[in-house]
Amino acid sequence: MTNLIATFFYIGHLRPAPGTWGSFAALPAAMVLYALGGPWLVVIGVFASYGLGLWATIEETRGKANHDPSEIVIDEVCGQWIALLPVLFGAANNGVAVLDLWPGWVAAFVLFRLFDITKIGPIGWADRKDNATGVMLDDVIAGVFAAIGVMFLAALYHVVLV
């Protein structure tokens with residue numbers, strides 16, 4: 001059960017770039033959650049994925065030297081969902097079909113991957129914790145940075161370009 005959660009239904013075993021596969025798999029999963037319960041269900045999903053991911057990562061890495069194996073991608077799912085929140089709430093609050101905001105989906109994905117891979121500032125600090133909290137927290141912070149970037153790009157588009 002812990003491997004199923006940690007690898008997000010075994011997506012983390014895909015190669016190359018399992019983190020990117022995990023982030024990509026988070027997109028249709030977010031769409032399903034959104035369709036079932038709107039953006040607030042995705043918020044619940046963020047908290048659930050964090051809690052379950054922390055537990056699964058602890059269990060999967062217990063007694064192993066590597067505390068952040070590449071197949072663990074539940075952290076990417078959690079962070080990617082955070083990055084998508086401005087798009088999902090924007091669609092819900094404005095009565096727009098969520099897929100009509102596809103540029104926001106692309107921006108959330110690209111920005112999240114950028115921040116997750118480069119590990120700038122506090123993202124790198126969290127990543128260096130070398131424990132399950134660090135595994136999850138660096139992606140949460142990357143998701144927050146990406147969400148801020150999505151909001152900035154949306155404001156730029158709506159205020160300057162339109």
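In this predicted model, the axes of helix α4 (residues 102-118) and helix α6 (residues 132-161) come within 8 Å and cross at roughly 140°. Axes are lines fitted to C-alpha atoms over the stretch in contact, with angles from 0 to 180 degrees between N-to-C directions. Helices are DSSP runs (H or I, at least four residues), numbered from the N terminus. On the α4 side, the contact (heavy atoms within 4.5 Å) includes Gly104, Leu111, Phe112 and Phe115. Among the α6 residues are Asp138, Phe145, Val150 and Leu153.

The whole structure holds 5 aromatic pairs. Ring centres of a pair lie within 6.5 Å; planes under 30 degrees apart are stacked, over 60 edge-to-face and the rest tilted. Phe24 and Phe109 are edge-to-face, because their centres are 6.3 Å apart and their planes stand at 80°. The pair joins helix α2 (residues 18-61) to α4, and so ties together parts 85 residues apart in sequence. Phe109 is buried at 18% relative accessible area, whereas Phe24 is partly exposed at 48%. Buried means under 20%, exposed over 50%, partly exposed in between (1.4 Å probe, protein chains only).

Trp40 and Phe89 also pair edge-to-face, at 5.0 Å and 80°. Trp40 lies in α2 and Phe89 in helix α3 (residues 74-94). Trp40 is exposed, at 57%. Phe8, Phe9 and Trp81 form one aromatic cluster.

Residues are numbered from 1 along each chain, and side-chain values use heavy atoms, without hydrogens or water. Local features need pLDDT of at least 70 and side-chain atom pairs 80 or more, while totals for chains, interfaces and linings use all residues.

Note on methods: Rings of Phe, Tyr and Trp (its six-membered ring) pair if their centres lie within 6.5 Å; planes under 30 degrees apart count as stacked, over 60 as edge-to-face and the rest as tilted. Helices (H or I, at least four residues) and strands (E, at least two) are DSSP runs, numbered from the N terminus.
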